[in-house]
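Subject: Handover of a structure

Dear colleague,

Please find below the structure that I am passing on to you.

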Amino acid sequence: MGLLALLIGGWLGWLAWTGRIGKPDGKQIAAILLAVVGGAVAAKGNVAIGGAMVAGGLYWLSRRTPVKRAGRVGRRGDAGTREALELLGLSTDADRAAVIAAHRRLIMRNHPDAGGTEALAQSLNAARDHLLARLP
């Protein structure tokens, strides 16, 4: 049973490290519990049913799409995100509130009614929209 628990723990650690599971939701917790109960059933002697439960839980967890990590808009750093972060003067660990605050501060100074250009205001709005779309 110890080896099976170690294998399950290693698999879950790998899934968390690669970003396939983040902060667990209800379905992920259910899949983890299914795998743990399957390990206990397999340890009690019913290897076929327990193994199927473990395999089902781990398969479901590994097939999940990667989740966005909160507060990391530029984690993979595509060019549009880098440009938007530079335009708003933000770092890659900016969260939703920081994006909104930076946009508000810059648009007040560069709005066409305040003496700024319309092109710059449009660029600031586009950068804000791009970054907010990438955040959860």
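Which residues does H103 touch, not counting residues up to four places away in sequence? The answer is L88, L124, N125 and R128. H103 itself lies in helix α5, and it is buried, with a relative accessible area of 8%. Please keep in mind throughout that this is a predicted model.

**The chain as a whole**

The chain has 136 residues, of which 28% count as buried. It contains 6 helices and 0 strands, so that the order of elements from the N terminus on reads α-α-α-α-α-α.

**The largest nonpolar core**

In soluble globular proteins, nonpolar side chains tend to be buried together. In this model the largest nonpolar core has 15 residues. The members that touch the most other members are L88, L90, V99, L124 and L131. Helices α4, α5 (96-110) and α6 (118-134) each supply at least two residues of this core, and α6 gives the most, with 5 residues. Apart from this core lies another, of 8 residues, which includes L12, A35, V54 and L61.

V99 is in contact with L88, L90, A94, R128, L131, L132 and L135, once its neighbours within four places in sequence are left aside. L90, for its part, is placed in the loop between α4 and α5. Why does L90 count as buried? Its relative accessibility is 19%, and the term applies to values under 20%, so L90 falls on the buried side of the cut-off. Not counting residues up to four places away in sequence, L90 touches L85, A98, V99, A102 and L131. With one of these residues, A102, the separation has also been computed: L90 and A102 are 12 residues apart in sequence and 7.7 Å apart in space, C-alpha to C-alpha.

A98, which L90 touches, is found in helix α5. A98 counts as partly exposed because its relative accessibility is 26%, a value between the limits of 20% and 50%. A98 and L88 are 10 residues apart in sequence, and their C-alpha atoms are 9.7 Å apart in space.

**Polar and charged pairs**

T81 is found in helix α4 (residues 79-88). T81 is buried, with a relative accessible area of 0%. Its side chain is joined to that of H130 by a polar contact of 2.9 Å.

Side chains of opposite charge can pair when their charged atoms come close. How many salt bridges does the structure hold? It holds 1. The side chains of D129 and R128 meet in a salt bridge, at 3.1 Å from N to O. D129 is partly exposed, with a relative accessible area of 43%. R128 is partly exposed as well, with a relative accessible area of 22%.

**Towards the surface**

V37 is found in helix α2 (residues 26-43). At 43% relative accessibility, V37 counts as partly exposed. V37 and V54 are 17 residues apart in sequence and 7.8 Å apart in space, C-alpha to C-alpha. V54 is among the residues of the 8-residue core.

Which residues make the nonpolar surface patch of about 360 Å²? The patch is made by L3, L6 and L7. L6 has its place in helix α1 (residues 2-17). Is L6 buried or exposed? L6 is exposed, because its relative accessible area is 62%, and the limit for that term is over 50%.

Yours sincerely

Methods: Residues are numbered from 1 along each chain as its sequence is written. This is a predicted model: local features need pLDDT of at least 70, side-chain atom pairs count only at pLDDT 80 or more; totals for chains, interfaces and linings use all residues. Side-chain values use heavy atoms; hydrogens and water are left out. Helices (H or I, at least four residues) and strands (E, at least two) are DSSP runs, numbered from the N terminus. Buried means under 20% relative accessible area, exposed over 50%, partly exposed in between (1.4 Å probe, protein chains only). A polar contact is a pair of N or O atoms within 3.5 Å; within protein, one must be able to donate a hydrogen and the other to accept it, and residues adjacent in sequence count only if both atoms are side-chain atoms. Patches are made of residues with over 30% relative accessible area and no salt bridge: like charges are joined within 9 Å, nonpolar side chains (Val, Leu, Ile, Met, Phe, Trp, Tyr) within 5 Å. Accessible areas come from the Shrake-Rupley method with a 1.4 Å probe; for residues, only the protein chains shown count as cover. A salt bridge is a side-chain nitrogen of Lys or Arg within 4 Å of a carboxyl oxygen of Asp or Glu. A nonpolar core is a set of buried Ala, Val, Leu, Ile, Met, Phe, Trp, Tyr and Cys residues joined through side-chain atoms within 4.5 Å. Contact means heavy atoms within 4.5 Å.
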